[in-house]
Amino acid sequence: FQDNSSGYLMHNSGGVIYKFDGSNFNRIDDSFEFNTQYQSFPFLYKGSIYNFGGYGLFTFKNIITYFNKSKRETELVYVKTPISKNPFGRKKMFAQLDGDKLFIGSGYGYDNDISEGYKEAKIFGDYWIFDFISKEWKKLGNGKPLIEDEKYSLIYDFNGKNLVITADKIFTIDIKNNKIDYYENANVDLLKSNKKDAVRNLITYNKYKNGFYLVLDKPNLGNKLLFVSVDEFLGKPTRSESLYSEENNSIIYYCLFGLLCSVSVFFITKRKNIFKKISSKRKEINLILNEEETQIFNLIFERYPNYISFPELMDVFEPHLNYESRKKKLRHSLYQIEDKIIGVLKSKNKIFIERKNKQDLRIKEISIR
């Protein structure tokens with residue numbers, strides 16, 4: 001992926017990144033191969049490298065990550081929307097970036113809404129928008145199935161649209177404008193001799209030459225590189241139609257949502273009561289915490305009612321310490337903070353609650369109970 005001045009190569013699973021300045025490839029990260037975001041959507045937003053979704057470590061992802069230039073490492077983007085209102089994790093998804101908006105569409109993943117949906121992946125037909133300003137997801141609607149399995153190829157930056165190539169049809173996707181264009185006169189015969197790597201056709205688009213490079217598989221002759229113009233390969237669009245039907249909220253949805261709120265009100269109230277008690281004693285608590293404990297507690301307090309990850313809290317400690325040392329210091333600080341708050345509140349109940357991040361089970365998170 002690229003902008004007007006530089007090109008980038010990212011490892012297919014995330015983590016390792018090279019920058020191309022026109023002459024040389026230079027590694028810019030201080031990380032490793034993540035093995036978590038295979039077949040994700042990498043893109044540039046305000047000059048920084050971002051990545052959505054993908055598959056790895058036995059789960060499909062719906063996370064957004066970005067490359068922190070100062071740390072030379074990749075971090076998670078904070079999302080305000082509750083997990084239940086985020087798109088399901090997926091790979092090889094239709095995707096676009098337009099200004100501050102990220103558009104996500106059909107992809108391959110597990111349907112968590114059905115029993116044992118994790119046993120067999122499927123193609124999703126839903127479409128979403130993420131606002132980088134508000135940090136919120138919103139569902140746009142549902143569309144008809146356009147692909148049957150994961151044996152399709154995607155070219156993301158084809159005149160601002162996605163070019164989708166299957167064994168027997170070619171079309172472009174424009175999620176922002178809710179439009180699909182079919183190229184029914186495309187030279188699909190050329191695809192029969194096109195070399196494939198598993199489920200990926202070896203095709204790239206060169207926008208400066210307005211054409212495609214294809215690696216052809218010639219028996220007894222080895223591989224051959226071929227360039228064809230857009231007109232030679234695709235021709236002109238023959239027909240267009242809407243990509244998805246806009247999302248409508250029904251009365252049933254609101255009834256179910258209301259029922260869910262009523263069932264969970266007890267637990268929410270309980271959490272709020274603990275938070276209110278801590279808020280009322282905030283000054284007294286801060287007086288007995290040391291500097292590092294105060295910084296950690298403030299981060300947890302400000303993130304409430306959401307969770308905050310351990311790696312974010314570990315940034316409080318000296319950067320020269322290795323990961324394990326910072327992890328041990330954080331665990332000790334959390335114990336000290338909780339004991340001191342329990343003493344101030346004169347309570348026997350635990351203050352914090354921990355869980356594993358639902359997108360990456362290796363990451364722990366914490367919040368006020």
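## Two helices that cross

Axes here are lines fitted to C-alpha atoms, for helices over the stretch in contact, and angles run from 0 to 180 degrees between N-to-C directions. On that basis, α5 and helix α7 (residues 323–345) pack with their axes 10 Å apart, at an angle of about 80°. On the α5 side, the contact (heavy atoms within 4.5 Å) uses Glu292, Glu293, Ile296, Phe297 and Ile300. The α7 side brings in residues including Leu330, Leu334, Ile337 and Ile341.

## What you're looking at

This is a predicted model, where local features need pLDDT of at least 70 and side-chain atom pairs count only at pLDDT 80 or more, while totals for chains, interfaces and linings use all residues. Residues are numbered from 1 along each chain as its sequence is written, and side-chain values use heavy atoms, with hydrogens and water left out.

Of its 369 residues, 41% are buried (under 20% relative accessible area; exposed is over 50% and partly exposed is in between, with a 1.4 Å probe and protein chains only). Take the contacts between residues at least 6 apart in sequence: 50% of them join residues at least 24 apart.

## Rings on rings

Rings of Phe, Tyr and Trp (its six-membered ring) pair if their centres lie within 6.5 Å; planes under 30 degrees apart are stacked, over 60 edge-to-face and the rest tilted. By this rule there are 29 aromatic pairs. One of them is phenylalanine 43 with tyrosine 50, stacked at 5.7 Å centre to centre with 20° between the planes. Both phenylalanine 43 and tyrosine 50 are buried.

Phenylalanine 275 and tyrosine 304 have ring centres 4.0 Å apart and planes at 5°, so this pair is stacked too. The pair links distant parts of the chain, 29 residues apart: phenylalanine 275 sits in helix α3 (residues 251–280), and tyrosine 304 in the loop between α5 (291–303) and β25 (308–309). Phenylalanine 275 and tyrosine 304 are both buried.

## Charges over rings

A charge sits over a ring if NZ of Lys or CZ of Arg is within 6 Å of the ring centre and within 35 degrees of the ring normal. Arginine 303 lies over the face of tyrosine 78, at 4.8 Å from the ring centre. For arginine 355 over tyrosine 307, that distance is 3.8 Å.

How values were computed. Helices (H or I, at least four residues) and strands (E, at least two) are DSSP runs, numbered from the N terminus.
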